[in-house]
Amino acid sequence: MNPISNIIKDSLNVVSPSWPLHSFVGVNPFWNLKEKPFYLTLSELSCINGENLFLPINYFLDKYNNGVITYHDIKKSIELLNHFNIKYNQDIQSFLRESLEEQEHLLSFNTYSEFLGNLENINVKEIIVDEITKYCSSYFDLGQAAFSLKNTKKRLYSEWKELIIYDKTISYLGYKNNFLIEENIPDNPEEMINKCLIILNINNENNFKNYLMKVCKHIMGWCSHIKYQIWQNDLELNKNYKGTKLEDIIAIFMAYECVIKNSKKHWDEAWAKFLTHQESLFSKNEVDHIFKLLCIWQRAFELSYQRKLSHNLTKNGFNSSDIIKKDIQMIFCIDVRSEIIRRKIEETIPEVSTHGFAGFFGVSLECNQVINEISTYRCPVLMQPKIAVNEILEENFEKKALGITSLNKFTTGLKQGLASSFAYVELFGILSGFKILSKSISNNNKSNILFNKKYFKNSKLNQNLNLEKKVEIAEFVLTHFGIAEFSKIVIICGHGSLTTNNAFASSLNCGACGGYSGDLNARVICETLNDKEVRIKIIEKNKFKLLKETLFLPALHETVSDEIRILEEDISLIENPALLNLKNKLSKIAESSQKERSHYFNNYSISASLRSTNWSEVRPEWALVNNACFIIAPRERTKNLNLEGRSFLHDYHFDQDEGMKTLELIMTAPMIVTNWINMQYYASAVERNTFGSGDKTIHNIVGLFGVLEGNGGDLKIGLPFQSVHDGKNLVHEPLRLSVFIEAPYIEIEKIIDKHKVLSDLIDNQWLHIFVIEKETKNILYRISKNKFENIFN
């Protein structure tokens, strides 16, 4: 057997970090498995977990019968999968016949608690998970619990070791605890794991590896939260990290299994035989036949989408007027929701051009605001914030904001106190009734900070940057915007979402801003670019076609209503006909965008403002549902195309990119972020229990950082069921991300070779790469390293 530590390290790669509710961003839940092929990884996990990580075959058969997936898509899928040693040697008719006849009987590796539960018809595994949740929710608490372990300086295992000797819960449930006594508990989790392996009779390397992976599945939420703590600590952003590792929680789970096993000695012989049986079942190192069929269907489904999009991109033409500098330029986040609103603006106001750029707009911020007690990191979670921004409010406005914050803290304390909670209901219950009534009948959402004019008028941002640093930031952003010549007015438009009673509110905000709205980033970069001293330095460099009088204006796209608000009203009210025309038509544009998006809501007539403020609304908006592709190309390549709100759009002109530095930046940052978002939606759609957070209507917030489904069980990760399903049908089509890049494929290949993270993702098919040839507009697919072909001829 390999050293146990190596097996543990390898097995625990099934866990990826999951961000807390206040900054909930899309994460690829298979991120640490990217060094293995997509098909093999999901097939193996499906077998071990006993949960299919592909859509069921019937779903694909329906798509085939409806003409979405074609005969040629299946044929091409079989051909392409040969490169991944997934070989199907029968004809297409045999494939279809086998798909109709095949039954999805999945294997499932069982831990001891599952084995015992199946024999005695008791959910023993849930007992263990509930016990772990009891300790973890107290240990990681951020201020919800009246009594918690948040102030301890010890790691999780050490804290549990001290308390478990007094905890009689397991004994009260009928399991004699002669194992978790003080002299029996090792000082560190690694020793506990070794001890438990002996007691559980796991002496085979494959069994141990599969066992650990299944344990992680049972407590995936808590494991992912620990992984988040480690991730933040590695970025030096976790000031309260106490040294807890995944080994801590694995050791605790195994310890509980040992307690239960020691109480059930009469099943020891059966358990030993069962382990031998599991070893034989899971010793194969190939994809089972059922998964071969599923892999072929999955790739064929993706080909059906890629074929149509490639055809549209190839046939789409543009004339020279499309590239003429417009009166106003609007720069949006690459978010798929921006695609629709950008198209509507261009259709309605020809004098405006729109552009796509990562929504943090090149400024990674650590923000300290009066209304937030903690610093917020407004940048992709892959990077460290580099600019500290302090919010300064006008004195009277600050006093009011602080007063409201203090009152909220006080009332929260009353609600959570052991004695005061009862008195609070008696004293203020009737007032709460009026508040509930007013919220139920009112659709006023303008008190929210996203649309509070007084807030922006009284708020200033102190960057504490010298002139040299500001010029450096301005030059970086202007270089990578990909705009050859700037107009007199440039609007930089972040986005945020306005909802009520929504634990997952941050999941609707900007992923590039760390789960927050992009208003502060837009304000900071506009303030920097408008700085007179910065402008003089930039013009002196003579690198950019930027006018001395060019005005950069921050704006915010509220994605529930599609309302766009220019934030600096006092500056923007200049007498500019084009700007006034834009502002006058923004409400019409929002209405048109909402009408297009209404099919996701089955065309029901509830207004966006009511969805935004209705505290019983489980789907205020569909966010990034159905995201499927990322197009890195000039806007002219996609202009006039209806991409159905499924595409991330990043402006890019390779002939303006010296040394391909911008393309390298896009492929190593935004492309990875879009992969994270895409795979989170994929996983939440195909497996709602482990990689999705389940039913939103029965969520309970725990520790102010996560949710439980109901009153117990594991911490939930991923998106709620209602974010991908409309109650009748799956709304999100789980397709891997298709990335279309207009640049020489030789240069693309150089960048892939340079970055292991890219070669892992691309070579192992966690996303697809297509190259758009500028002159011919041919589209080539990257089949393997240095091998690009037109697969749709």
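**Helix pairs**

I began with helix 28 and helix 30, where helix 28 passes helix 30 in a left-handed crossing. Left-handed means that the near helix is turned anticlockwise from the far one by less than a right angle; right-handed means clockwise. I note that helices (H or I, at least four residues) and strands (E, at least two) are DSSP runs, numbered from the N terminus.

Before going on, I wrote down the ground rules. Residues are numbered from 1 along each chain as its sequence is written. This is a predicted model, where local features need pLDDT of at least 70, side-chain atom pairs count only at pLDDT 80 or more, and totals for chains, interfaces and linings use all residues; side-chain values use heavy atoms, with hydrogens and water left out.

Back to the pair. Helix 28 covers residues 670–686 and helix 30 covers residues 756–763; their axes come within 12 Å and cross at roughly 40°. Axes are lines fitted to C-alpha atoms, for helices over the stretch in contact, and angles run from 0 to 180 degrees between N-to-C directions. Helix 28 and helix 30 are therefore oblique to each other. The scale I used calls angles under 35 degrees roughly parallel, over 145 roughly antiparallel, 65 to 115 roughly perpendicular and the rest oblique.

Which residues of helix 28 and helix 30 meet? I found Met-671, Ile-672 and Asn-675 on helix 28, against Val-757, Leu-758, Leu-761 and Ile-762 on helix 30. Contact means heavy atoms within 4.5 Å. By class, the contact of helix 28 with helix 30 has 6 nonpolar, 1 polar and no charged residues. Here Ala, Val, Leu, Ile, Met, Phe, Trp, Tyr, Cys and Pro count as nonpolar, Asp, Glu, Lys and Arg as charged, and the others, Gly among them, as polar.

Next I took helix 20 (residues 467–480) and helix 22 (residues 532–541), whose axes come within 9 Å and cross at roughly 55°. That makes helix 20 oblique to helix 22. Their crossing is right-handed. Helix 20 brings Leu-467, Lys-470, Val-471, Ala-474, Glu-475 and Leu-478 to the contact, and helix 22 brings Glu-533, Val-534, Lys-537, Ile-538 and Lys-541. I sorted the contact of helix 20 with helix 22 into 6 nonpolar, no polar and 5 charged residues.

I then traced an open sheet of 6 strands in the order 11-10-14-15-16-17, with mixed pairing. Two strands pair if DSSP finds at least two bridges between them. Strand 11 (647–650) and strand 17 (787–789) are the edges, each pairing on one side only. Neighbouring strands of this sheet are turned by 25° against each other on average, direction ignored.

Strand 10 (residues 629–632) runs parallel to strand 14 (residues 738–741), joined by 4 bridges. Cys-629 has Ser-738 of strand 14 as its bridge partner. Strand 10 also runs parallel to strand 11, again with 4 bridges. There, Ile-631 is partnered by Leu-649 of strand 11.

Are the faces of strand 11 covered or open? Both are covered: Ser-647 and Leu-649 on one side and Phe-648 and His-650 on the other are all buried. Buried means under 20% relative accessible area, exposed over 50%, partly exposed in between (1.4 Å probe, protein chains only).

Helix 29 (residues 745–754) lies across strand 14, strand 15 (768–772), strand 16 (779–784) and strand 17, and runs at about 35° to strand 16.

I found 5 strands forming an open sheet in the order 2-1-7-8-9, with mixed pairing. Its edge strands are strand 2 (352–357) and strand 9 (563–566). I counted 6 bridges between strand 1 (residues 328–333) and strand 2, which run parallel. Phe-332 has Gly-356 of strand 2 as its bridge partner. Helix 21 (residues 519–530) lies across strand 7 (489–496) and strand 8 (551–558), at about 175° to strand 8.

**Two single residues**

Ser-304 sits in helix 15 (residues 289–315). At 2% relative accessibility, Ser-304 counts as buried. Leaving out residues up to four places away in sequence, Ser-304 touches Val-68, Ile-69 and Asp-73.

Glu-51 is in the loop between helix 2 (38–49) and helix 3 (57–65). Glu-51 counts as buried, at 14% relative accessibility. Beyond its neighbours within four places in sequence, Glu-51 has contacts that include Lys-217, Glu-687 and Thr-690.
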